[in-house]
Amino acid sequence: MKSREQEYKEIFIAEALEYYDALNRHISDLEKRPQDDQVLAEIFRLLHNLKANAKAIGYLHISDLSHKLETAFSLIRNKELSFSDEVVAVLFDGIDLLGDLITNIDNDSYGEPDPVLLRNLDIIVDNLSGSTIELAKVQRYNTSKNLSLSDLIYIQIKKLDHMLNLVGELMIDRDRVLSISRELDNDELKSVSSHLYRITEELQYSVMDARLVSIGSLFNKFPRIIRDIATAEGKTINLSLIGQEIQIDRNILQIITDSLLHLVRNAITHGIERPEEREKKGKSREGHVSLVARNDRDNVVIKLSDDGKGIDFKQVRKAAVEQKLVASDVAAGLSNSDLLGFLFEPGFSLAKEVTEFSGRGVGLDVVKNAIDSIGGRINIDSEKGKGTSFTMQLPTSIAVKGALLFEVADIFYAIPLIHTESVVAMETDELHEVGDVLLADVKGETITVVYLNELLNAPEETMRLGDKTKLSGLIQNIIIVSYNNRKLGLIVDKMYRQQDIVVKPLSKPLDTIDLYGGVTLLGTGKVCLVLDVPAITRYFIHRR
Amino acid sequence: MKRDKNKSIDNEGLAEPVDSAPTSSDLHEAGPSETTPNPHLPEETVHLIVFKLGAEDYAIRIEQVKEVTVTPNVTRMPRTPDFVKGVANIRGDIIAIMDLEERFGIRPVIDANSSLLTYTLVIEAKDYSIGVVVREVPQSLNLSVSKIDKTPAFLQDINIHENYIEGIAKVDNRLIIVLDMFKILTHDEISELTE
């Protein structure tokens, strides 16, 4: 596979050539209608983008030339330079040279751009409306040009979505074929199906790869946004961006865009203090916000941190009781990480005033729903006076997920790995009946455990989640899942394996049942239900 | 995968074959008792799939039925309403399987002689499909539209929402309740599940 730099370079060249084509078209138009402001504005925009892109990637000849041309056109736009024949000739030459430079980026023997032409450009810019411009003759570029088409194509994301769906279907059938070929024990069939396996896998990765974009395409929008919010709030913010080159599925990035914007607004309006206040606390006047992306196994982690005032746990506790999310005696005993969970409850708010940018009743629950919908996770960490950070763990791809397969009451289930912490086997004796739940000590941490069969299949009136006699066998397999800063152990009947699954959303009218994130077909043709960890956690809390 | 507009009826394992439905409905007549009032003007007919719920005969217009198949392996879905039997894999599509007896509170008739085999009518709504389980082999029936009484007086007395009943047909001393599946699916099931 090509390196990322190589890929960026190809994208740059393709875009630059497109700009070049557009410039040629527009300047020809302009020659016919020199007064057309729209055409001028478009030329201006193209040159400006080309300059910025070339500079970013380090092609200084191109950015310098674009700059000179941009200056010339800005003079024309301001009517300081007339669009006369001589000027037109120089500009055409300049654009031709631009095309030449772009097509020869990889050609080391190309050398420097024609100095005569560059000087001509300088002359028309410097000699404003000068009557006697001495323009040197330059060699015509236009004569020996080849026509060529771009190496890149634009494709609608919809088409890639469709392809990915088809690949998903194909993978399900592939697994089925593979399992049948094992049953039939036919060597030829086995060799064909293992070949089919490899090809589908490669196809899957190719389609997934085609959908990847760099996180920078979102991150790079933030400097401007943050500046605007900070200005409105009378704060100064220093933003650092790390990991723009990390790749993620375009649709996932699209889905979290609003969430990230929401969190950033919150961080600036509620997190970061005013400069005077910061000074009093011995912090720098300037607030710091960082957006960091990194790869973690198959996932992408995006972390947003600020060095603001942090979350006031006392206030959260008070608000949770006031908003009747928890009884006051229970609230007193809750840990900080339990309290942070309330921030994601619908309607929960700590904002006392509504500003232009935040505190309008759109809570963190919206953020969490968006992240839940793509099977991701979000965690908050906060220290009073020091700052707050949000960590989002996102799948790299929507369709294919690593999942843990297991069985409860003869039904196959899967839980996406993104929600699992660990898997432990424990003797029934090690589980303790405390109140109406079971508790277990897992590596020094006390975790609430629930028998899935009881939670899913017992009649709701007679459900007993704290009754060990409901369990069968001496050893219990427990999947520790985590959601919203809280861990929960799920006891399953049979533990199977870890496997990549293609989650199919449930079709109507079942799509409104939130306990299931979807279904998948196993190689045996059996239907496997994909449990939604957020929903199962909510259901458990609600039952208790 | 989209199947074509012709309805396919799966004959596999059926005790008596069901007509594979032709779209032209002029050939088939349900029984000897049916008479055409005016032989020169062919009367408008309707093609129904008749099935049993409890002890009674119910029917759906064939246009609403995508296929009839022996009920496949159904995976139960815990914590869904009782009338949702679960989900099943029908030709690669995973669809919801419903039990209308449960839905309408119809007492099932358990016949010791009847086999364990049940049949599933796959109903195609606008943008999704749904399976309805029936106990006996569904049958096909052509009927003139005039045989269906659209507004019988007793409708208000029964426990099936009157909107779901298109009418009551009387054929050979049999009383057939004609359901409008689309209305059942669009109204009621969905709101029930969102609760």
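# Salt bridges, burial and the A–B interface

Student: What is the count of residue pairs in polar contact between chain A and chain B?

Tutor: Six residue pairs, both members at pLDDT 80 or more, are in polar contact between chain A and chain B. The model is predicted.

Student: Which elements of chain A each supply at least two residues of the side that touches chain B?

Tutor: They are β9 (411-416), α16 (452-457), β17 (516-521) and β18 (527-531) of chain A. The largest share comes from α16(A), with four residues.

Student: What makes up the side of chain A that touches chain B, in nonpolar, polar and charged residues?

Tutor: That side divides into 18 nonpolar, four polar and five charged residues.

Student: How many residues of each chain are in contact, and what area is buried between chain A and chain B?

Tutor: In chain A, 27 residues are in contact with 23 residues of chain B. The buried area is about 2000 Å², and carbon and sulfur atoms give 67% of it. A:K508, A:P509 and A:L510 supply 29% of the area that chain A buries against chain B, more than any other three residues.

Student: Why is the pair A:E42 and A:R45 called a salt bridge?

Tutor: The side chains of A:E42 and A:R45 meet at 2.8 Å, N to O. The cut-off is 4 Å between a Lys or Arg side-chain nitrogen and an Asp or Glu carboxyl oxygen, so the pair qualifies. Both residues lie in helix α2 (residues 37-57) of chain A, three residues apart, about one turn of the helix. An α-helix has 3.6 residues a turn, so residues three or four places apart point the same way.

Student: Are A:E42 and A:R45 buried or exposed, or in between?

Tutor: Partly exposed lies between under 20% (buried) and over 50% (exposed). A:E42 has 25% relative accessibility and therefore counts as partly exposed. A:R45, at 40%, is also partly exposed.

Student: How do you know that A:E279 and A:R285 form a salt bridge?

Tutor: Their side chains meet at 3.2 Å, N to O, and the limit is 4 Å. A:E279 is partly exposed at 43% relative accessibility, and A:R285 is partly exposed with a relative accessible area of 43%.

Student: Which residues of chain A are linked in a network of salt bridges?

Tutor: The network links A:E273, A:R278, A:K281, A:K283 and A:D307.

Student: What makes B:D57 and B:R174 a tie between parts of chain B?

Tutor: The side chains of B:D57 and B:R174 meet in a salt bridge of 3.2 Å, N to O. B:D57 lies in strand β3 (residues 56-61) and B:R174 in strand β13 (residues 174-179) of chain B, so the pair ties together parts that are 117 residues apart in sequence.

Student: Why is B:D57 called buried, and B:R174 partly exposed?

Tutor: B:D57 has 10% relative accessibility, which is under the 20% cut-off, so the residue is buried. B:R174 has a relative accessible area of 32% and is therefore partly exposed.

Student: What makes helix α15 of chain A mostly covered?

Tutor: In α15 (residues 364-373), seven of the ten residues are buried, each under 20% relative accessible area. They are A:L364, A:D365, A:V367, A:K368, A:A370, A:I371 and A:D372. These buried residues pack against α10 (250-271), β6 (377-383), β7 (387-395), β14 (475-483) and α17 (533-543) of chain A. A:G375, whose phi is positive, near 75 degrees, follows the helix.

How values were computed
Residues numbered from 1 in each chain as written. Chains lettered and ligands numbered in written order. Predicted model: local features only at pLDDT ≥ 70, side-chain atom pairs only at ≥ 80, totals over all residues. Heavy atoms only, no water. Buried < 20%, exposed > 50% of the residue type's maximum accessible area, 1.4 Å probe, protein only. Contact = heavy atoms within 4.5 Å. Buried area = accessible area lost by both parts, 1.4 Å probe. Polar contact = N/O pair within 3.5 Å; in protein donor to acceptor, adjacent residues only side chain to side chain. Nonpolar A, V, L, I, M, F, W, Y, C, P; charged D, E, K, R; others polar.
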